[in-house]
Amino acid sequence: MIYIHIPYCRQACHYCNFHFSTSLNTTDTMVKAIIKEIDTRKNYLDSNLLSSIYFGGGTPSILTKEQLGLIFNSITKHFKIDSNTEITFEANPEDITYDNLCFWNELGINRLSIGIQSFHQEDLTWMNRIHNVDQSIKALDLVDDFGKLDYSMDLIFGSESTSNKNWETNLQMTIDRKPSHISCYALTVEENTALHHHVKKGTKKESPQQKIKSQFYLARKFLQEAGYEHYEISNYSLPGKNAVHNSNYWASKSYLGIGPAAHSYNGISRSWNLSNNIHYIKAIAEHDNAQVSEQLTETDKYNEFIMTRLRTKWGINKKEILQNFNAKYNQYFNSEVQSLIQSKLIIENKDSFTLSESALIIADRVSSELFY
Ligand code: SF4
């Protein structure tokens with residue numbers, strides 16, 4: 001699977017800590033660098049048949065048709081795509097036009113991930129999103145009428161501006177669309193974001209944990225009742241519509257990350273590209289390489305396995321942990337997991353260990369209790 005990071009946005013959302021730049025004058029040279037990186041790293045994966053391609057960012061839908069066409073040509077030159085390859089493209093509502101939908105579909109994109117976040121203007125303004133509610137609704141109408149693309153809707157809960165009532169309306173307006181997939185992210189205040197700065201100055205407030213928790217469980221109840229499967233902490237899908245790309249991450253499959261700040265993993269080492277557009281472009285031009293990498297120790301692999309598996313509804317498979325890790329890790333896991341079972345944070349099933357209902361909201365904390 002391949003991840004392509006498109007590091008540009010028209011406006012910075014206040015909560016965002018992804019790598020992006022709002023200065024758009026390097027997009028042509030960036031596309032050239034991305035193509036060169038694809039050429040250079042075409043043999044990174046064991047197989048050149050791709051199960052998924054994910055265009056994330058940043059805002060991939062900011063690219064012109066020509067730029068996107070060039071990246072696609074480079075991918076199809078080196079990799080095989082078949083009818084099962086999931087090709088996801090993150091699109092913001094302001095970029096969704098009939099013309100773009102036709103073009104994206106012709107390229108082979110079969111799934112959109114649409115950054116809606118909220119159907120309430122006060123939330124969008126609070127978050128400093130560039131689009132308004134009308135644009136979101138028009139964009140979704142267009143995608144529904146177009147009818148050829150599966151789509152996921154991204155929502156954010158737990159901001160100061162989002163009341164429980166607003167959140168419930170957001171969920172209702174989302175399920176009314178029947179998207180095959182819904183991601184619900186808790187708003188977190190990350191360092192080095194405009195939101196962090198506002199919170200420090202006192203001009204915006206971080207929501208109490210209790211509010212985040214109640215909106216998390218409200219979504220779980222609401223979406224499950226509407227037929228969605230809560231298959232990962234932040235992700236819901238209609239039966240059979242789990243995101244292939246993300247599920248591959250959680251199953252520790254190898255992936256190639258292209259573009260600034262993109263991460264790669266091949267089971268032995270993990271690498272990440274420079275997260276600065278100019279430095280990335282320069283490094284690719286001069287050395288064909290913008291990566292920093294680290295070898296993974298057995299402990300790194302074990303901890304990562306615990307963290308990713310526990311976030312999913314399938315949890316930690318007993319056979320898999322036995323097969324993948326030596327006795328030292330298995331003994332450690334078996335002793336640590338007992339106290340989490342006793343405190344009702346983990347449930348022991350016949351073949352697996354999964355988070356209990358009450359532990360879903362503290363998944364990372366529970367995982368860290370099992371880290372070696
Ligand atoms: S949330 Fe998305 S659109 Fe907003 S700044 Fe971050 S990457 Fe860009």
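Ala, Val, Leu, Ile, Met, Phe, Trp, Tyr, Cys and Pro count here as nonpolar, Asp, Glu, Lys and Arg as charged, and the others, Gly among them, as polar. On this basis the shell around the ligand has 5 nonpolar, 5 polar and 1 charged residues. The model is predicted. Surrounding the ligand are Cys9, Gln11, Cys13, Tyr15, Cys16 and Phe20, together with Gly57, Gly58, Thr59, Asn92 and Arg129.

Two helices were examined as a pair. Helix α2 spans residues 65-78, and helix α3 spans residues 98-107. Their axes come within 11 Å and cross at roughly 10°. Angles under 35 degrees count as roughly parallel. Helices α2 and α3 are therefore roughly parallel to each other. On the α2 side, Lys65, Leu68, Gly69 and Phe72 make the contact. On the α3 side, Asp99, Asn100, Phe103, Trp104 and Leu107 take part. By class, this contact of α2 with α3 has 5 nonpolar, 2 polar and 2 charged residues.

Strands of a sheet pair through backbone hydrogen bonds, either parallel or antiparallel. Strand β11 covers residues 269-273 and is joined to β12 by 5 bridges. These two strands run antiparallel. Ser271 stands opposite Ser293 in β12.

Methods. Residues are numbered from 1 along each chain as its sequence is written. This is a predicted model: local features need pLDDT of at least 70, side-chain atom pairs count only at pLDDT 80 or more; totals for chains, interfaces and linings use all residues. Side-chain values use heavy atoms; hydrogens and water are left out. Axes are lines fitted to C-alpha atoms, for helices over the stretch in contact, and angles run from 0 to 180 degrees between N-to-C directions. Helices (H or I, at least four residues) and strands (E, at least two) are DSSP runs, numbered from the N terminus. Angles under 35 degrees count as roughly parallel, over 145 as roughly antiparallel, 65 to 115 as roughly perpendicular and the rest as oblique. Contact means heavy atoms within 4.5 Å. A residue is near a molecule or strand if one of its heavy atoms lies within 4 Å of it. Two strands pair if DSSP finds at least two bridges between them.
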